[in-house]
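Me: I'd like a close look at one part of this model, please. Take your time and walk me through it in one go.
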Amino acid sequence: MVRALQSAGAIVSGKAPELIGMALVGDGSRYANEAQVPAVYYGPAYETAHSDHERVSIAQLVHCAKVYALAAARYCGTVE
């Protein structure tokens, strides 16, 4: 899945997404820590996350939707 996201991100934006590790709260951390199911996050900018002014631009949502769709297709082997 990580490779599929990297590839899809590179195709959609012209460069591969940066791999970073960060402590954050979300369902993925529960899957990974409590159920021992590997998880990965990919999403829009997080600068305003959990603030009084939390927001995401439409452009970022569209970008992520394209990456998710292409990554899923690549992961399932329906697109090379």
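What volume does the largest pocket have? And what lines it, and how do the helices around there sit against each other?

Reply: Keep in mind that this is a predicted model. The largest pocket comes out at about 1200 Å³. Its lining is made up of 31 residues, and those closest to the pocket's centre are Tyr41, Tyr42, Gly43, Pro44 and Tyr46. As for secondary structure, α1 and α3 are the elements that give two or more residues to that lining. Sorted by class, the lining has 19 nonpolar, 8 polar and 4 charged residues.

Helix α1 covers residues 2-13 and helix α3 covers residues 58-75; their axes come within 8 Å and cross at roughly 135°. An angle over 145 degrees would count as roughly antiparallel, and α1 and α3 are therefore oblique to each other. The crossing is right-handed.

Where do they touch? On the α1 side, the contact uses Ala4, Leu5, Ser7, Ala8, Gly9, Ile11, Val12 and Ser13, and these meet His63, Lys66, Val67, Leu70, Ala71, Arg74 and Tyr75 of α3. By class, that contact between α1 and α3 has 9 nonpolar, 4 polar and 2 charged residues.

How values were computed: Residues numbered from 1 in each chain as written. Predicted model: local features only at pLDDT ≥ 70, side-chain atom pairs only at ≥ 80, totals over all residues. Heavy atoms only, no water. Axes fitted to C-alpha atoms, helices over the stretch in contact; angles between N-to-C directions. Helix = DSSP H or I, 4+ residues; strand = E, 2+ residues; numbered from the N terminus. Parallel < 35°, antiparallel > 145°, perpendicular 65-115°, else oblique. Left-handed = near helix turned anticlockwise from the far one by under 90°. Contact = heavy atoms within 4.5 Å. Nonpolar A, V, L, I, M, F, W, Y, C, P; charged D, E, K, R; others polar. 1 Å grid on protein atoms, 1.4 Å probe; cavity = no way out; pocket = protein on both sides within 12 Å on 5 of 7 lines; lining within 4 Å. Points joined across faces, edges and corners; volume = space filled by probe spheres on them.
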